[in-house]
Every structure is written in structure tokens, then in C-alpha cells.
Amino acid sequence: MKNNQKYLLIFISLLMVLNACQVRSTPISNQNVMPKVLNVMTHDSFSVSESIISEFEKQNNVKVNFLLSGDTGAALNRAILTKNSPQADVFYGTDNTFMSRALSENIFEPYKSDELININDDLELDKSYRLLPVDYGDVCINYDKKFFSENKLSLPESLSDLVNPEYKGLLVVENPATSSPGLSFLMATIAEFGNNGYLDYWKKLKENDVVVVNDWETAYYTNFSASSGKGNQPLVVSYNTSPAAEVIFSDHPLTDSPTSSIISENSCFRQIEFVGILSGTHERALAEKFVDFMLSQTFQEDLPLQMFVYPANVKATLPEEFTKFISVPQKPASLDPELIAKEREVWINAWTDEVLR
Amino acid sequence: MLSIIDIYKTYEGKPLLRGISFDVHEDETICLLGHSGSGKSTLLRIIAGIEKPEGGKVLWDGEDLVNLAIHKRNFGLMFQDYALFPHKNVFENVAFGLRMLNLSEATIKERVNIELEKVKMVNFAQRRITDLSGGEQQRVALARALAPHPRLLMLDEPLGALDKTLRGQLLKEIRELLHETKIPAIYVTHDQEEAFTIGDQLVLLNEGEIVQHGTPKMIYQNPKNTWVSKFLGFNNIVPGKVTSINPLVVTSKYGDFSLIIKDNEKFSLKQEVKLLLRPNGIQESSGSENLIYGKIIDSIYLGQGFRIFIDCLSTTMEFDVKGDYKIGDYVKFSIDPSAIHCFQSD
Amino acid sequence: MNFNHEKMRKTSFKYLPKILLGLIPIIFFVIFYFLPVSAIFTRAIELASNQIKLDQLIPRIWQPLRFSVWQAFLSTFFTALLGIPAAYIFARFKFPGKSLMRIITTIPFIMPTVVVAAGFNAFIGPNGWLNVFLMKIFNLGDPPIAIINTLAAIILAHVFYNTTVFIRVIGGAWAQLDRKLEYASGSLGASRIKTFLKITLPLLRPAFISAFLLVFLFDFTSFAVILMLGGPGFATLEVEIYTQALHLLNLPMAGLLSGIQLIFTLLLTSIYSWTNHGRIFQLTARDPNEVEKKPDSLIEKLMIISIILLLSVILILPLLSLVIRSFTQINSISAEGEHLDFQFTLQYYQHLFVNERQSIFYVPPVTAIQNSFVIGLITVIFALLLGYLASRTLSMNTKFVRIYDALLMLPLGTSAVTLGLGFLLVFNKPPIDVRSFPLLIPIAHTLVGLPFVIRIIQPALVSIPEMYTQSAALLGASPWKIWLNIELPILSRAFVSAGIFAFTISIGEFGATTFLSRPDLPTIPIAIYRYLSQPGVMNYGQAMAMATILMVICAMAIFLVERLRLPGISDF
């Protein structure tokens with residue numbers, strides 16, 4: 001029994017030590033009137049600075065409640081499944097690959113925000129104003145700078161180059177059936193080689209020993225040679241913002257990123273994320289305010305370092321890491337959202353049959 | 001046949017068996033007798049092959065068995081709670097050992113029947129084990145152990161879980177069966193009555209050591225020390241000093257006791273000894289020799305007579321007498337010199 | 001006549017509370033399992049008209065079904081190959097480090113697959129230290145162990161996760177089996193193998209069947225292991241359900257696959273309860289000193305050492321690789337070829353406690369641990385309570401009970417996606433609203449943990465001789481006192497074991513939790529996923545550090561629970 005007490009004591013003191021390390025966050029609201037609650041449904045990758053949310057809450061006397069609901073597909077599913085008794089007022093995170101499907105489910109109400117004047121017109125894909133663009137990011141091939149310089153290998157200049165023998169076995173991609181960047185990359189190849197040509201291209205990629213994994217985490221952290229896993233592939237399908245993240249989340253100070261992305265024409269696929277007001281909301285006015293807020297300069301300038309995406313607001317200033325370490329493709333690949341909605345399953349199945357079976 | 005030589009075993013650092021040696025001969029039943037914790041069950045497990053000794057040998061006709069697995073020893077084993085296989089019926093329990101010999105189905109059937117006959121359980125062949133009474137289970141366990149014709153039978157407190165009447169009856173049956181089958185046996189028990197009934201030889205164990213080894217008669221007549229005496233139920237122990245060798249006279253606080261024994265020579269003058277006054281062989285006396293006196297504190301009726309308890313100088317002694325005495329009476333007895341046993345102080 | 005009547009009335013009255021208590025798990029099950037699952041199926045059928053094309057259907061179902069069964073069969077087989085001997089040595093022998101080993105074997109259950117995959121990669125991946133080591137020693141050009149993204153990796157990970165099920169379920173029953181039966185068999189000439197086949201196996205049949213079924217179902221519905229360690233070449237039904245539901249938004253197809261998975265599970269559990277309904281031989285609780293002994297022959301010692309070694313390689317080394325990784329900073333040194341420099345560091349741990357991005361969703365490790373623990377403890381309470389009540393009902397041997405038994409196993413064969421979406425569909429308004437009803441996560445965990453809890457408590461409950469309770473009743477003890485003084489002490493061992501199962505399942509469960517999680521109640525696996533969802537060495541290191549903390553805290557908690565046994569049963 002004495003022994004047990006000793007262990008219990010150690011256990012408790014360990015918990016206390018851990019507790020002491022914790023940084024206390026300041027309580028958010030100190031209003032007199034009971035604030036209203038605004039529910040915002042979004043995906044797990046959503047992030048925002050605490051300070052600007054509390055500012056928004058203070059100004060509008062509202063408590064913003066975020067419902068993080070899994071990945072983009074899971075979150076959208078939740079919104080669709082509960083459309084008869086909506087669980088949230090605002091939904092953020094629909095991307096251009098899911099856009100048409102989301103619109104056809106009629107889960108959003110139109111809202112033409114005044115802030116749209118500052119938003120990049122190219123991103124406004126929904127002319128019915130039910131989905132408003134918030135941010136974008138490009139899925140690009142990232143490369144391990146050191147590998148290419150040490151091996152005196154020239155960089156692939158286009159998607160076509162990747163089937164050349166010098167890049168045999170050097171590229172890792174994600175399965176489009178299970179991974180969102182994987183799907184984006186597949187769409188880039190469809191945009192580049194067309195509906196008739198992309199399978200031929202993938203056949204050649206397969207012959208050139210392309211490595212396919214199911215998820216971005218494995219591709220990046222296990223297979224990619226420039227990341228923590230020190231894997232065997234110096235080319236990985238990731239985001240064009242990843243090089244900046246490598247600098248910010250390094251475990252020692254860096255002056256330059258160990259990685260960079262290939263941004264030639266049609267080699268990247270642009271993902272655009274949208275926000276919309278969910279049909280049936282009881283807080284329409286507040287929801288509008290929140291959408292305005294998401295499009296405003298404050299939020300848009302917070303975005304890049306929270307979610308590693310580009311702001312849709314043209315007035316937003318970019319952080320230094322973005323201008324320094326990231327290259328933005330001038331001509332990213334794109335496909336009509338309606339075409340995506342229609343063909344998505346066909347493409348994935350055809351791809352699966354070609355590459356995996 | 002079986003020789004146990006200098007067996008040594010510890011349990012969690014404490015010695016459990018300290019150099020045990022004895023032999024088991026043909027047609028002989030050896031009884032290992034001792035309190036729980038004396039090491040007798042461990043010794044049995046070592047002989048059976050369940051446990052390994054840390055020192056010493058177990059020999060069968062000169063062959064060392066220490067590295068021979070339990071299933072190759074052909075020693076029958078029976079436990080206090082029988083350890084019958086609950087998922088098999090009576091027949092299959094008895095047949096189990098025979099099946100291991102790869103006998104034909106007909107032979108197995110025949111031999112199971114013979115064994116069940118021996119224990120009077122033929123009519124129970126198809127019964128479930130869980131439907132049997134304790135005594136019935138005991139018989140099945142015995143039949144099962146005997147079925148493969150083991151070269152040695154080991155019984156670990158086989159009657160421990162039964163009530164007294166049943167125990168007496170089964171004890172008799174086991175004794176008969178052992179004599180009939182002529183299988184040498186080791187019988188472990190803490191009950192001296194059982195041991196005296198069944199054992200050709202008794203091995204008395206205490207704290208991992210053999211205290212005394214011999215035939216029941218020999219041990220009964222010459223208990224080696226206080227522990228053996230008490231274990232056999234003799235509680236009248238009197239310390240004293242030898243004051244004469246021939247005839248042997250011992251002086252104690254109760255007075256002088258003269259004894260009639262054969263080997264007087266092993267005692268020397270002024271030696272500290274202990275006397276065992278057997279409860280029988282006393283008579284009321286007015287003489288001056290071999291006297292015991294005191295107050296009767298209890299009297300129990302035993303059928304042929306009474307057992308009385310006497311407070312003699314603050315020590316309680318027990319004696320068997322024919323007549324009844326009143327509690328509180330003061331009495332004076334003389335003890336027959338042949339009912340006194342003397343051993344060296346231990 | 002009159003007397004009989006009186007007696008009958010008394011009897012039925014006596015059973016009334018028993019029946020009412022038995023209804024609680026059923027009500028729970030109907031509300032939190034059948035309702036959501038049937039809701040999702042109904043919705044899938046409503047939508048089915050236009051989205052399913054029959055001609056493509058058969059191969060899309062047949063392939064993942066076949067693979068699910070095949071890999072589950074292989075995984076269960078290999079898990080048994082390690083698990084049964086391990087259960088044997090844990091039940092029958094004393095050896096140094098046993099209690100530590102027993103705790104370590106339960107740790108895999110709590111580890112999120114994403115970190116386990118990282119652990120396996122750090123250990124046996126192409127650049128894992130085992131391969132690097134072997135390549136150096138034997139001067140090889142290629143890594144000799146290349147099993148990542150093969151069937152072997154899937155099986156290995158399943159063995160890693162499920163060996164503990166064999167150790168706990170079979171080992172638990174084995175420790176209750178009277179050793180003397182094995183000795184008696186040996187003395188009758190049966191070798192160890194024959195004794196195992198003829199005596200041990202038939203007597204432990206329920207435990208064996210339970211363990212095999214639980215492990216098979218776990219493997220059959222495996223998701224993250226297939227995804228992360230098997231790679232894209234393999235897809236189980238569960239993976240297909242996930243893809244269909246969440247990436248293609250094809251709910252009807254997901255529903256169909258989920259239904260097939262469920263029918264298969266029901267088939268299996270029905271066979272199970274049918275084969276298991278015969279006579280069960282009651283095992284009684286035994287003193288460990290009676291059944292456990294020190295190994296005394298060379299063979300026994302070698303056997304124990306080799307099993308411990310195998311357990312260490314498969315269970316401990318991947319975990320240890322994680323721990324080591326969380327303390328290591330890897331610097332590439334710019335020289336010819338690959339040269340890495342390893343450096344000890346605490347910075348991943350230090351940074352865990354800092355909200356660097358000022359994110360509103362920053363998860364302080366202590367909060368995550370507290371949330372995980374609270375959810376885990378609530379799950380334990382729910383699971384033990386419901387599991388105990390259900391076990392009582394299951395102890396009555398009737399036809400209804402057999403159906404009940406089969407149904408209670410269903411959550412194990414239900415896709416987490418289906419259950420999660422079902423919860424969202426059904427529980428979206430007060431009084432039970434996913435957004436505000438905090439008990440839904442532990443309830444979902446309880447559903448998954450319940451089959452394990454029942455498999456452990458029920459045999460223990462049956463083992464209590466009726467004699468005990470009867471004699472206590474004769475001595476005038478009230479039912480409550482009987483329960484407290486007789487049943488509880490005898491069951492406490494089973495409760496501890498079952499509680500640990502429920503706890504570890506709760507801590508490690510991720511599938512259904514992602515649908516129900518709330519940012520204000522982040523758990524450890526969710527925190528780990530947040531770190532790993534972004535690039536950067538620091539994020540990776542922090543994920544490993546978080547996983548290490550999770551491991552250590554859980555190990556300590558389990559250690560404490562196993563030590564702080566209820567008074568009066570310390571010998572058992």
C-alpha cells in the first residue's frame with residue numbers, strides 16, 4: 001500500500017508539473033448582456049488567431065462557436081445530412097472540387113457581401129453568391145532542393161517531364177480516392193492532358209515508378225526526403241505554401257527553405273475555399289457579419305500563417321515568409337466545378353483501375 | 001524401486017525441502033504425514049514431475065527422473081479436489097489415460113469397465129462429472145489414476161474434502177485396492193489416523209525435514225521427540241533429568257518415574273530428557289512410584305471409557321480411564337512403567 | 001397447490017427488478033445504436049435511386065469484401081500465433097517484469113494509427129533504424145526489410161494492436177483454469193500439446209472463440225491501419241465506405257457497403273453465439289500463487305524469453321522508436337551522400353506548451369490529456385455499468401439471450417463513418433444535440449468498448465458459485481450487501497481488466513470521434529492530428545512528443561489501477 005501511495009504521488013506531481021507548463025488563456029467574454037451564439041461549421045484544418053475572433057465577438061456581442069467536423073468531405077456531409085435542421089449558421093471550407101455538389105444540395109443562402117469588391121474576381125466561381133471565396137492554395141509538386149543540387153539533377157519543368165527516366169522513382173503522390181491534394185493533382189493532369197490523355201500519362205508515370213500513398217501525412221512525413229521522415233522521394237505532391245511552413249516550423253533557425261515548388265503552367269491545381277450562409281439560419285444578420293469579417297482585411301491577413309493559404313482579398317498584405325519562400329504559379333490548372341462534380345467518381349475509378357490494380 | 005535422494009527446494013528464498021531422502025519399495029504404501037506447509041505436497045509434486053528440485057535426485061530403478069517430463073513417468077496422480085475433467089463424462093475421464101496409450105476402442109471399453117467395477121461405479125459411466133457427489137468423484141478419480149496401470153500411484157490428500165463417515169469407508173476401500181493392485185503408492189495426508197490405516201511406512205515431515213521414518217507401529221511406540229508425540233496426539237510431555245540408568249529413573253517436578261525400556265544404555269546420568277506419559281495404563285493408586293496427582297478439570301465420554309483432563313501443577317494432562325470422575329475432584333494416579341516413553345530433550 | 005402458487009408469485013416478483021435492470025442496456029442500445037444506424041440506412045435508401053449503377057456494383061463490393069475477410073483472417077491467425085503463447089505465459093508463469101510487460105501490451109490500443117504508422121516507419125521503414133543498422137552491418141545497398149505498404153505491414157500492425165486482446169481475454173480465463181487438470185492429464189500420459197488440445201482448449205473454448213471473434217471483427221473493419229500502412233493497393237470495406245461517403249459524397253454506395261459489412265458481422269456473431277451456447281464450464285477465481293509458477297526447466301525459460309522478445313520487437317520497439325524520435329533532432333550535414341546527425345533535444349516538448357500561432361484552436365497538452373481522461377473515465381463507467389447489466393442478462397441461457405448476445409457485438413462491425421454520420425443525423429436537436437450534449441463521445445466509445453467488457457465480465461459472473469450468494473442470503477444479507485461483499489470482490493478483477501479495455505478504446509478511438517468532437521473539448525488524438533496536418537519538422541516532432549506523453553500517462557494510469565485493487569482481494 002505504501003508503494004502505491006508513492007506511485008500515486010509521483011503521478012499527481014507529474015500532472016501538476018504539466019499543468020504548470022500550461023499557458024493560461026484569457027477568458028473571452030466579459031459582457032453584461034448575454035451574447036448570442038453564432039455557429040460556424042468548418043473542417044479540422046480551420047484555424048484563426050484568438051485575438052481577432054474575440055475582437056469580432058466583442059464588437060457584435062456574439063459568441064462564435066466553431067464546429068470542426070473532420071476533413072472537408074466529412075464537414076460538408078454533416079452540413080448536407082443536417083440541412084433540414086441546420087446545426088450552424090455559417091459553413092466555411094467548401095472547395096471548388098465540392099462546390100457544385102454543395103450548391104446542388106441547396107444548403108446555402110445567397111449573400112452578396114460588400115466586401116466582395118476587394119476579392120479577386122477570378123476566384124468568384126459562384127455567380128449566385130451562395131459561396132464566396134475566402135482563400136486559395138495551389139497543390140504543386142514540392143522538391144528537395146538539396147537532393148537536386150547534390151545530384152546535379154535538373155528540375156522537371158512540366159508534368160510531362162516527370163515520366164523521363166532521370167526522375168524514375170523520385171515522385172510520391174497521394175491516392176485521389178482518399179486524399180484531397182491527391183485529387184487535386186489528378187485534376188491537374190486531367191487539365192493538362194485532357195480527358196483522353198491523362199490515363200496514358202498516368203500509365204507512363206506508373207512505369208516510371210511513381211510512388212502512391214493514401215494520405216498527405218505519409219507522403220510528406222514518410223516518403224519525402226526533405227521532411228522529418230528523410231524518405232526516398234525528393235518530389236512530393238503538396239502545397240505551394242509548404243516551403244514557408246518548413247521555415248516557420250523548423251526546429252532550428254533557417255534562412256532559406258529546404259524545399260520549393262514547381263510552378264510551371266498547368267502543373268499546379270488551384271484549390272479555392274468558400275464560405276456560405278447555411279439555409280435556415282436564425283441568425284442571418286450575424287451570419288452576414290461573420291462572412292464580411294472573413295472577407296475583411298483583418299481576417300484575410302491572419303489567414304496565411306494560420307492555414308497556409310493565400311487570401312482572396314487583394315488588399316491583404318502577405319507575411320514576409322510568404323513573399324520570401326513561396327512561388328505562386330502564374331497559370332495554375334483549373335477545371336469547371338460542374339465538370340468535376342459530374343466526373344469526379346468516374347475519374348477516380350478510372351485512375352484506380354489504371355494505377356492501383 | 002523409487003529412491004528419493006537428498007531433495008532440496010526453496011520457495012521465494014526460504015527453504016521448503018531440506019534434504020529429503022527415502023525409498024519406496026514394491027507393494028508398499030508410503031505415507032507422507034505432516035502439517036500443511038511441511039513441504040509434503042511439494043515433495044509429491046517433485047516426484048510427479050510437476051516441479052523440479054533444486055538439488056537431489058528422484059531415481060526409479062536407478063534411473064534419474066529429474067529431466068523426464070510428467071507424461072513420460074507413468075505415475076498415477078490423484079488430487080484432493082480430484083481434478084476430474086469437467087467436459088468429459090465418467091467413462092471418458094477414466095478412458096483418458098488409456099487413449100494416450102493408443103489402445104483399441106474395445107480394449108479401452110473393457111479396461112474402463114474393469115476399473116469402474118473396482119470402485120463400484122459401473123452404473124455411472126455415462127454420468128456427467130458435475131452431477132456426481134464428492135465421494136463418487138473421488139472413486140472416479142481413483143479409477144482414472146489406476147486405469148493406465150501406473151508404476152506408482154500418488155495420492156495428495158485424497159479424502160481431504162469428504163466428511164468423516166465417508167472418509168472411513170473410502171479409506172478402507174483405497175487400502176484394499178492398493179493391496180489388491182500391488183501398485184506402490186505415496187499417500188500424502190495431514191491426518192494421522194488416515195496415515196496409520198493406510199501406510200506401510202510413515203514419513204513424518206516438519207518444516208521441510210524428515211523428522212521420523214518407520215512403520216506405524218515403530219513410530220507409535222517410539223515417537224522420536226515432542227513434535228512427533230504431539231503430532232500423534234500424545235500431549236503428556238514431562239521434562240526431567242536422568243537420576244539412575246539401570247533401572248532407568250527420571251526425576252521431574254512431579255516426582256520420580258521409573259521406566260521399563262530396553263536400551264537404557266543410550267541415556268547418561270543427569271541427562272535432560274523428556275517423558276511421554278501415554279494416556280492409557282494408569283490406575284488410581286496410593287503407592288509412591290510413578291505418581292501423577294492433580295485436579296480433574298474435564299471429563300469426556302468416549303464409549304469404552306472416559307478421557308479425563310487433570311491439572312497437574314498448571315499443566316494439563318490427559319488420561320483414559322474406565323470410570324467417571326467428578327470435575328473438581330483431586331486424584332492421584334500411578335502410571336504403568338511400560339506406558340512411559342523417554343526421549344532426549346529436543 | 002396453494003403453496004406453489006405463492007412461490008411462483010414470489011419468484012416472478014423477485015425477477016422483476018432483474019428484468020428492468022436488464023432493459024437498461026437494451027434501451028441504450030436502441031437509442032444510441034439502432035436509431036442512428038437505421039437513420040443512415042434510411043437516408044441512403046432514399047437517395048439510392050439515381051446514384052447506384054448496378055452493373056459496376058458487384059466488383060466494387062466483392063473486391064473490398066474479399067480483401068477485408070482475407071486480411072482479417074491472416075491478421076487474426078498471426079495475432080493468435082503470438083497472442084496465445086503470450087496469454088499462456090502471462091496466465092501460468094511468474095517472471096521478472098511481468099506487470100510492466102502486461103501494461104505495455106495494452107498501450108498499442110490507445111495509440112492513434114497516424115503515430116503508430118510513424119513509429120513503424122521510424123523502426124522498419126526504408127530509412128528506419130533497423131534497416132539502416134542492417135544495411136551498415138551487412139553492407140547492403142537496399143533496405144533488407146521492405147514491408148511498408150505491403151500486406152505484411154497490415155498484418156504486423158494488426159498483431160501490434162490486438163495481441164493484448166488475446167492476452168487479456170484468453171489469459172484471463174486461463175488464469176482461472178485449475179492447473180491440476182493439466183497435471184492430471186500429464187500424469188495420465190498426455191504430452192503438453194495433447195493436454196492443450198484435449199483439456200485446456202475445450203475448457204477455455206468460450207474465451208478462445210471470444211478472443212478470435214473480437215480480433216477478427218477489429219481487423220475486418222480496420223481502417224487507418226489499411227490506409228496508412230497498407231497503402232493505396234489495399235482497400236477494406238471500411239476504407240471504401242470512407243472514400244464513398246466522405247470523398248465522393250456517395251452516401252447510397254457507402255450505405256450499401258456499410259450494410260454488407262454489417263450483414264457479414266451479424267452472420268459472424270450469430271455463428272459465434274450459436275457455437276458458444278452449449279454447456280460452459282465454470283471457472284472459478286484462483287489465487288495467482290496457485291496457478292502461476294516460476295519457470296523451472298530450460299524449455300520453459302527459453303519459451304518465456306522468446307515470447308517476451310517477440311512481444312518486445314513487435315509491440316515495444318515501434319513505440320520506443322516514437323519516444324526516441326520525440327527527443328531527437330535530425331540535422332542533415334551537407335556532405336557527399338546522405339549523412340545525418342542526431343542530436344538530443346527537448347524543444348518538441350517545450351513548444352507543446354506554447355501557442356505560437358495564437359490560434360484559437362491551440363490545444364494545451366494538459367487540456368487534451370484531461371479531456372481524454374475525463375471522456376475515458378465516463379466511458380469506463382458507462383461501459384462497466386451497461387456491460388455488467390448486460391452480462392447478467394446474458395447469464396440466463398435462453399434463445400432471446402443468444403440473439404441479444406449477437407446484437408451486442410454489432411458495433412464492432414459497424415463502420416465508424418456510418419455510426420458518426422448516423423449520430424449527426426439523429427442527434428441534432430435538443431435534448432440530445434451533438435453540438436451541446438457532451439456525453440455523445442463517451443457514448444460512442446461505450447458502444448465500441450461494450451463487446452469487450454461483456455466478454456470479460458460475463459465469464460467472471462458465471463464463475464461465481466450460486467452457493468456463495470445463497471449462503472450469504474441465508475445469513476441475512478440484503479441483495480445489495482451480497483453484491484457489495486460477495487459479487488463485487490470476485491468480479492473486481494474482471495472489472496479492472498474490462499475497465500482498462502474500455503479506457504484504452506476510448507483514448508485511442510478516432511473514427512467516430514472526428515464527427516462528434518468539439519473544439520472546446522479537444523482530445524489527445526485530435527491534437528496529434530492537428531500537428532501532423534501541416535508541414536514542418538517542428539509539427540512532426542511535437543506530434544511525437546504528444547504521443548509519448550499520451551503513452552506515459554496512460555501507462556501510469558493503468559499501472560495504478562492494476563495496483564490499487566479493491567481491499568480484500570489483494571491476493572487474487
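Predicted model: local features only at pLDDT ≥ 70, side-chain atom pairs only at ≥ 80, totals over all residues.
In which strand of chain B does Asp6(B) lie? Asp6(B) lies in strand S1 of chain B, which covers residues 2–11, and here, as throughout this talk, helices (H or I, at least four residues) and strands (E, at least two) are DSSP runs, numbered from the N terminus. Residues are numbered from 1 along each chain as its sequence is written, and chains are lettered from A and ligands numbered from 1 in the order in which they are written.

Let me stay with Asp6(B) for a moment. Its phi is near 50°, a positive value in a residue other than glycine. Most residues other than glycine have a negative phi, and most peptide bonds are trans. Asp6(B) counts as partly exposed because it has 13 C-beta neighbours inside 10 Å; the rule is that a residue is buried if 20 or more other C-beta atoms lie within 10 Å of its own, exposed if 12 or fewer, and partly exposed in between, with C-beta atoms placed from the backbone.

Chain B also holds a cis peptide bond, which joins Asn246(B) and Pro247(B) with an omega of about 0°, and Pro247(B) has its place in the loop between strand S11 (237–244) and strand S12 (248–252) of chain B.

Now to the sheet. In chain B, six strands form an open sheet of mixed pairing, in the order S6-S7-S8-S3-S9-S10, where two strands pair if DSSP finds at least two bridges between them. At the edges are strand S6 (75–78) and strand S10 (209–214) of chain B, each of which pairs on one side only. On average, neighbouring strands of this sheet are turned by 15° against each other, direction ignored. Within the sheet, strand S3 (residues 29–33) and strand S9 (residues 201–206) of chain B run parallel and are joined by four bridges, with Leu33(B) standing opposite Leu204(B) in S9(B). Across S6 and strand S7 (152–156) of chain B lies helix H4 (residues 134–146) of chain B, which runs at about 170° to S6(B); axes are lines fitted to C-alpha atoms, for helices over the stretch in contact, and angles run from 0 to 180 degrees between N-to-C directions.

Further along chain B, strand S17 (residues 306–312) and strand S18 (residues 315–321) pair in the antiparallel sense over seven bridges, and Asp311(B) stands opposite Thr316(B) in S18(B). These two strands form a hairpin with two residues between them, and Leu313(B) in the turn has a positive phi of about 45°.

Is Trp351(A) buried or exposed? Trp351(A) is buried, because 22 other C-beta atoms lie within 10 Å. If we leave aside its neighbours within four places in sequence, Trp351(A) is in contact with Pro176(A), Leu186(A) and Trp202(A), contact meaning that the C-beta atoms of two residues, placed from the backbone, lie within 7 Å. Trp351(A) and Tyr198(A) are 153 residues apart in sequence, yet 9.0 Å apart in space, C-alpha to C-alpha. The axes of helix H6 (residues 180–207) of chain A and H12(A) come within 10 Å and cross at roughly 10°.

Finally, chain C, which has 24 helices and four strands, and of whose 572 residues 50% count as buried. Helix H21 (residues 479–508) of chain C spans only 37 Å between its end C-alpha atoms, whereas a straight helix of 30 residues would span 44 Å, the expected span being 1.5 Å times one less than the number of residues. H21(C) bends by about 50° at Leu488(C), and Pro489(C) follows within four residues; the bend at a residue is the angle between axes fitted to the seven residues ending there and the seven starting there. Elsewhere in chain C, Leu249(C) has a phi near 50°, again a positive value in a residue other than glycine, and Leu249(C) lies in the loop between helix H11 (237–247) and helix H12 (251–275) of chain C.

Where chains C and B meet, 18 residues of chain C are in contact with 20 residues of chain B, and the largest share of the side of chain C that touches chain B, six residues, comes from H7(C).
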